[in-house]
Amino acid sequence: MFPVIFVSLGPGEPELITVKGLKALQTADCIFCPETLAKDGNRVSRAADILLQLDIPENTVHRFPLPMSKQREKALSAYDEVYMESSTLRQQGKKVCIVAEGDAGFYSSIHYVYDKLQADGIPVKHIPGIPAFIAAGALGGLHVASQEERLTVIPGITTTEEIEKLTSENSAVVIMKLSRCTDEIHRCIRLHPEYRYHYFENVGTPEEKYINDSKRIATIRFPYFSLLIIRTETF
C-alpha cells in the first residue's frame, strides 16, 4: 500500500511547487483539497485554483468544505471526514494526496489529519513547500534574515511591546495573519517610524501587493492573506 502524501503547494504561484510535489499530484488517484464559503455565498479554493493551473485532472480532485472560524469544532469535524475517507481509499490501494497552501507543516491546520493517520499507524509522507514569508521576501528583494540575526515568526497576535523586545534582541520579525492585530501594528508604526516595514498581500497570486511605505501601511485594514516583515536595518 502507498502512504498518504501531504503535498505542500507553496504560497499561490503554481510554478513555486516542488517537482517532487507535482509528480505526486500527477500520479494520485484522489487529491483532497480544502474549500471555503465566501461572503457572497460562493465556494472558493486557492488550492483548487493552483491544481487547475497545474493541469491536474479535475476528476482526481475531491474538495472538502473547511469552515473558517475561530471555533475549531467544525473544521476538526471536516478534517475527521478527510481522515476517514483517505484511510479507506488507501486500504483500497489508491494513491491519496492531501494538499495545503504554503508548507503543510508550517502553521497549517491540515497537520491534524497527518497526526491522526500517523497515530493509527498509517504511513504518511510530507512533501515540503515554500512558506508565504519566504516568497514575500523574494518578491520584495529582501534578505529576510542576515548573518547572526535571528528571525521570529508570529501567527497574528502580538503587541508593540513584543515587537520592541524582539527587535532589541536583533531579531527580524515576521507577522502572519495581520487581520488579527491590525490596530496594534498601526500603533507600532506610529511609535516606531524608524523600523523598516515590508507589507505583503496575496503573495504568489495575480493580486499580490508589496508596500514598504509605512505611512500607507498605517492606513490599511489588513485582509486575511497578508503578512508583515519588520526589520531595523536595510538589506
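Glutamine 147 sits in the loop between α5 (132–139) and β7 (150–154). This is a predicted model. The protein's secondary structure comes to eight helices and 11 strands. Its radius of gyration is 19 Å, close to the 18 Å that the globule rule gives for 235 residues, so the protein is as compact as a globular protein of that length.

**Glutamine 147**
- Glutamine 147 has a relative accessible area of 77%. Exposed means over 50%, so this residue counts as exposed.
- Glutamine 118 is 29 residues away from glutamine 147 along the chain. The C-alpha atoms of these two residues are separated by 37 Å.

**Helix α7**
- Helix α7 spans residues 182–191. Its buried residues are Thr182, Glu184, Ile185, His186, Cys188 and Ile189.
- An α-helix has 3.6 residues a turn, so residues three or four places apart point the same way.

**The whole protein**
- The C-alpha atoms fill a box of roughly 60 × 40 × 35 Å along the principal axes.
- Of the 235 residues, 46% are buried.
- Take the contacts with a separation of 6 or more: residues 24 or more positions apart account for 68% of them.

**Surface and charge**
- The protein exposes about 12,400 Å². Carbon and sulfur atoms supply 51% of that area.
- There are 26 positive and 30 negative side chains. The centres of the two sets lie 1 Å apart.

Terms used. Residues are numbered from 1 along each chain as its sequence is written. This is a predicted model: local features need pLDDT of at least 70, side-chain atom pairs count only at pLDDT 80 or more; totals for chains, interfaces and linings use all residues. Side-chain values use heavy atoms; hydrogens and water are left out. Buried means under 20% relative accessible area, exposed over 50%, partly exposed in between (1.4 Å probe, protein chains only). Helices (H or I, at least four residues) and strands (E, at least two) are DSSP runs, numbered from the N terminus. The radius of gyration is taken over C-alpha atoms; the globule rule is 2.2 Å times the number of residues to the power 0.38. Contact means heavy atoms within 4.5 Å. Accessible areas come from the Shrake-Rupley method with a 1.4 Å probe; for residues, only the protein chains shown count as cover. Lys and Arg count as positive and Asp and Glu as negative; His and the chain ends are not counted. The place of a charge is taken as NZ of Lys, CZ of Arg, CG of Asp or CD of Glu.
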